[in-house]
Amino acid sequence: MATENNYDAIIIGSGQAGSPLASALPAAGLRTALVELSHVGGTCINEGCTPTKTMVASARVAYLSRRGADYGVTTGPVSVDMKRVRQRKRAIVDRFRNGKQHSFERTPGLDLIFGEASFTGPKSIQVRLNSGETRLLTAENIFINTGGRPARPEVEGLESVPTLDSTSIMELAELPEHLIVLGGGYIGLEFGQMFQRFGSRVTIIQRGEKLLAREDDDVAAEVLRILSEDGVEFLLGHTPTRVTQKEDGRLVLTVRTKAGEEKELEGSHILLAGGRLPNVEKLNLAAAGIKTGKGGFVEVNERLETSVPGVYALGDVKGGPAFTHISYDDYRIIRTNLLEGGNATTNERLLPYTMFIDPQLGRIGLSESDARAQGRSIKVAKMPMNYVARALEMDESRGFMKAIVDAESGLILGATVLGIEGGELMATLQMAMMGKVPYYILRDAIFAHPTLAESLNNLFSLFGD
């Protein structure tokens, strides 16, 4: 028997847009239902940012421990206890997740409902509760924040062998002897370097001829050089075609080169790191008339509204850049428009992101290739990190900085920082872009010495006076 409840708003999914919305809507006097399938916090807290960066930190400690002699510090043999790494990761995730759930449970005007939601009409959903019962919910405003999941490539035999994805690999209790990674994007590179530092042999297979398809060629080439220097093996321009499992449990992957040649690789584990899919299959979007586009992602306008008025999609489920901070900005747009009477849109918002390899890759705004493709008149400043005093003092001088500047106005159009704390340096440039500060102000600014930020003096001095 189904129980019906009428709300002012329904949020499906408690990711980085749904969670703050679940606080803001009730605070504005709107009776709100938050429907969550399993655990609160979305991908970021449970399977994404929080656990992966926790493990990246453990891998960096192992890396620095092995480099002790470079700093005049004598250390003994370094080993990694994966069970302890996993325990530390779980503890931090549990702390974040439980804190968020307790906050929801104490929020007046908010009902936290655990179950599987599906639309029965434009303004109604059915929730199959985890207890087995069913509830019918209605609301004038519905927000879809169901996120995404790892995609599975089409490779013969893949369904018949054990594989890892970006979630399950973090639950390993033992270190893979040879990890084969399918995908040379952001996820594959972060995990590849991480497990190499833990002590695994790592081979990354990329269908394209370069890593990181969205980055400039010089950036991709430098990332390849750095990770190869660390010991990660790469097979670029190779397509996985078939996988089998031997009697001893080892996996044999067949790959094809662009020339049509086939070769076999033998490994202990395979990580699937080739993109993500939206979690929409069980939502029954057709019952509400909600349109989806390529890949099944929910189509939205610049105000995040779907094809059904009053129904919105936020975060990864709508496609586009799958970053936590973009999902949170989606929440800001909804809050501004629905609760504050504003007119916020996704048009021309800056897109910062950081890939947490070591050294980090921080990116903001236009890449050099993007700017040239648009026919812009630009100036490019590029400086290796071994020109940065602080990086040399820390013996962390791999990578480079690059800034794209409008040739007439001097405004910064974009930047790439592949270097120690690249994400933090990128954020400094982002603030200059947000404030429309021309490059020569940073060139002539007084930064504390010795900091990484003072490298901006030298970077922009490359343009001259």
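At what angle do helix H1 (residues 18-27) and helix H7 (residues 324-339) pack, and how far apart are their axes? In this predicted model, local features need pLDDT of at least 70, side-chain atom pairs count only at pLDDT 80 or more, and totals for chains, interfaces and linings use all residues. Residues are numbered from 1 along each chain as its sequence is written, and side-chain values use heavy atoms, with hydrogens and water left out.

H1 and H7 pack at an angle of about 20°, and their axes are 9 Å apart. H1 is therefore roughly parallel to H7 (angles under 35 degrees count as roughly parallel). Axes are lines fitted to C-alpha atoms, for helices over the stretch in contact, and angles run from 0 to 180 degrees between N-to-C directions. Helices are DSSP runs (H or I, at least four residues) numbered from the N terminus. The crossing of H1 and H7 is right-handed, meaning that the near helix is turned clockwise from the far one by less than a right angle. Pro20, Leu21, Ala24 and Leu25 of H1 make the contact with Tyr328, Tyr331, Ile334 and Leu339 of H7 (contact: heavy atoms within 4.5 Å). By class, this contact of H1 with H7 comprises eight nonpolar, no polar and no charged residues. Ala, Val, Leu, Ile, Met, Phe, Trp, Tyr, Cys and Pro count as nonpolar, Asp, Glu, Lys and Arg as charged, and the others, Gly among them, as polar.

The 18 residues of helix H3 (residues 49-66) should span 26 Å at 1.5 Å a residue, which agrees with the 26 Å between its end C-alpha atoms; the expected span is 1.5 Å times one less than the number of residues. Buried residues of H3 include Thr52, Val56, Ala59, Ala62 and Tyr63 (buried: under 20% relative accessible area, exposed over 50%, partly exposed in between, with a 1.4 Å probe and protein chains only). The buried residues of H3 pack against helix H2 (42-46), helix H4 (82-105), helix H5 (186-198) and helix H6 (217-230).

H3 and H4 pack at an angle of about 140°, with axes 9 Å apart, and their crossing is right-handed. On H3 the contact residues are Thr50, Pro51, Thr54, Met55, Ala57 and Ser58, and on H4 they include Met82, Arg88, Lys89 and Phe96. The contact of H3 with H4 divides into eight nonpolar, three polar and two charged residues.

Gly76, in the loop between H3 and H4, is partly exposed because its relative accessibility is 47%. Glu222 lies in helix H6 and counts as buried at 15% relative accessibility.

Conventions:
Helix = DSSP H or I, 4+ residues; strand = E, 2+ residues; numbered from the N terminus. Parallel < 35°, antiparallel > 145°, perpendicular 65-115°, else oblique.
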